[in-house]
Amino acid sequence: MISDYFKLALKNLRKRRLRSWLTIIGIIISIATIFVLISLSLGLEKAVQEQFRLLGTDKIFIQPKGQAGGPGTASSVSLTKKDVDVIEKIQGIKKVTFWTAGNAKIEHNKKIKFVPIIGIDLDTSDLFTETGAYEAQEGRLLKKGDFKNIMIGSRYKNDFLGRPIKIGDTIFINAAPFKVKGILKPIGNPTDDSLIYMPLEDFRPLFDIPERVDTIIAQIESGKDINEISSSIEKKLINSRSLDKDNTDFIILTPEELLESFGSVLIIITAFLAGIAGISLLVGATGIANTMYTSVLERTKEIGVMKAIGAKNSNILIIFLIESGLIGLLGSVVGILLGMLIGKSIEYYAVEYLDTTLLQFSFPSYLIIGCLLFGFLIGTISGSLPSYRASKLKPVDALRYE
Amino acid sequence: MSEQIIKLKDVCKIYQMGETEVKALYNVSIDIEKGDFVAIMGPSGSGKSTGLNLVGSLDLPTLGNIYLDSQDISHLTESELAQIRGQKIGFIFQQFNLIPNLTAKENVMLPLLFQGIDKEERESRAEELLNLVELQDRMEHYPNQLSGGQQQRVAIARALANNPEVILADEPTGNLDTKTGEKVLEFLNKLNEKGTTIIMVTHDQDLAKEHAKTIYSLKDGSLEGVYKRTGKSWKKL
Ligand SMILES: Nc1ncnc2c1ncn2[C@@H]1O[C@H](COP(=O)(O)OP(=O)(O)OP(=O)(O)O)[C@@H](O)[C@H]1O
Ligand SMILES: [Mg+2]
């Protein structure tokens, strides 16, 4: 029986095709916006989680406080090899590696650029490699014994530095020649993909940074509690650096903490964007209400006729509610399709032109079904007042209406 | 003496228009027998439509009582009235009033839908009725693809959908030429012969005299005269 009412409503919508579509467009836009935003934030969450999965849950990061400008920027405090030695001796620590960064002028074939250079400790570089999930696309990764050799990000393979760089090419870094031993697989964002890595032994004299360590990565033994070890690192460092317990100059990060802080930022962004989408939805809903009011007015006589042939108030209410619900539903069907199209296009554009795989969209079925239901609900809610008014029309008055 | 189907007792319908009262109907009492063919006549504004709408439970009287099948319908709720309209009464209007975006068949099926009858039965009943009004080859036509006379016949079929006891027709031939109007009246006559009570508002005295059995004449909201047919001659009561 209810399907007959749906058919009736569809016929009515088709009758006023242009106006129906104009109303539907309002819903399409808002549902598409909401759909894109949610699928983007779901995709980002997935991407972030994937990054952390690669990172592993057994690593602790120690950095000096106040590295506001990111690693490599001059900060008043710094960690040194001494701190690394302290951490290495702590019970439950399996391995420790560290790196230092600096900006350098690089030159190849008269083309000059300024990029960040990372100096890595080759004795423990396997932990560094594991942490960043680095893989060589061409050549090989740096290994112990390399001297005046570098590995470079994937962007150098393109024309980032004039012409494409090949394995064996020489790049001048702060005027010193370095041989390219490896080109890395793309990481997904342009900054990471244009980094250059060199042995710390070469890095220190070249940049005249004899002591400083920017990030220490400590891997714990399997089965140990990461939080326990992280607090014993804190204690030991406070001791060895003779600091006040409440005024430390370093921070310790565990993957979980990183994940949490990412997650909350994501939620804030999503909520903000969803708020904007909500406003557009409000506009769309007003459009439905407006269309339904007009429709009730136009069809006053028809409502009178239907009542004369036995329609109860509830029948009329259902007819109009379904009609407005269908506007919402159709709007969300098209909106979802449009949203998928936009999402996929952004994804494609991001990979193709921005070199990043971080912008990813996720379309789980619960999101699609949720959007469909939501659209239908918005339609019926915004149509409820006009529908109620239609159902309450007095039959004689409605019949007299011209 | 045959069975009474409709009874109006001291019925008033008064509209308050600001300061003034419009007495659309005033103290009207009428008894209509089952199987009668009633014509209601009178000048414009005399209250014909008002009376018909009251009988059709589209409206409630200001004062007085209306009985349909001995049931007082003057104080019913809207949903009870809807029930009565759907089951006992069939309406035919001057402007046909078909639903424009439904086909002839769908229009006839609509009153059955409101009674919760399932689709198969609705379809076969609609086809049967359109057959009856000789529109079996116009079932899938939309109202704007039908002539006025055809539309009115669809409207008759629709009015008959739920097997009503009473057919109410407000100037059913008002928008039709004489010949087409005759055809519509023929159908009403046929129905009447099968026992359906018919109440028709009309301006056309010849039409009324030819087809009706009883004529009520209204003037300024009051009953002015009742005429009964015996054979070919009419007698004022
Ligand atoms: N809703 C209303 N509000 C105020 N006055 C009304 C209303 N409906 C009807 N009337 C008045 O009641 C009187 C009777 O109206 P009604 O429609 O019954 O006349 P009628 O006999 O059917 O006329 P016609 O032959 O022109 O159709 C008229 O004077 C009309 O103005
Ligand atoms: Mg009238």
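Predicted model: local features only at pLDDT ≥ 70, side-chain atom pairs only at ≥ 80, totals over all residues.
Residues are numbered from 1 along each chain as its sequence is written, and chains are lettered from A and ligands numbered from 1 in the order in which they are written. Local features need pLDDT of at least 70, side-chain atom pairs count only at pLDDT 80 or more, totals for chains, interfaces and linings use all residues, and side-chain values use heavy atoms, with hydrogens and water left out.

Select ligand 1 and the 15 residues around it, each with a heavy atom within 4 Å of the ligand. S44(B), G45(B), K48(B), S49(B) and T50(B) come nearest. The surrounding residues belong to chains A and B, so the two chains share the site. By type, the shell has five nonpolar, seven polar and three charged residues; Gly counts as polar, and Asp, Glu, Lys and Arg count as charged.

Next, show the side chain of S44(B): one of its polar atoms lies 2.4 Å from an oxygen atom of ligand 1. In S49(B), a side-chain N or O atom is 2.7 Å from an oxygen atom of the ligand. Then go to chain A, where a side-chain N or O atom of R400(A) is 3.1 Å from a nitrogen atom of ligand 1. On its own, ligand 1 has 640 Å² of accessible area, and the protein covers 72% of it (Shrake-Rupley method, 1.4 Å probe).

Finally, colour β1 (4–17), β2 (20–33) and α1 (48–55) of chain B, the elements that give two or more residues to the shell. Which element gives the most? That is α1(B), with three residues.

Note on methods
Polar contact = N/O pair within 3.5 Å; in protein donor to acceptor, adjacent residues only side chain to side chain. Helix = DSSP H or I, 4+ residues; strand = E, 2+ residues; numbered from the N terminus.
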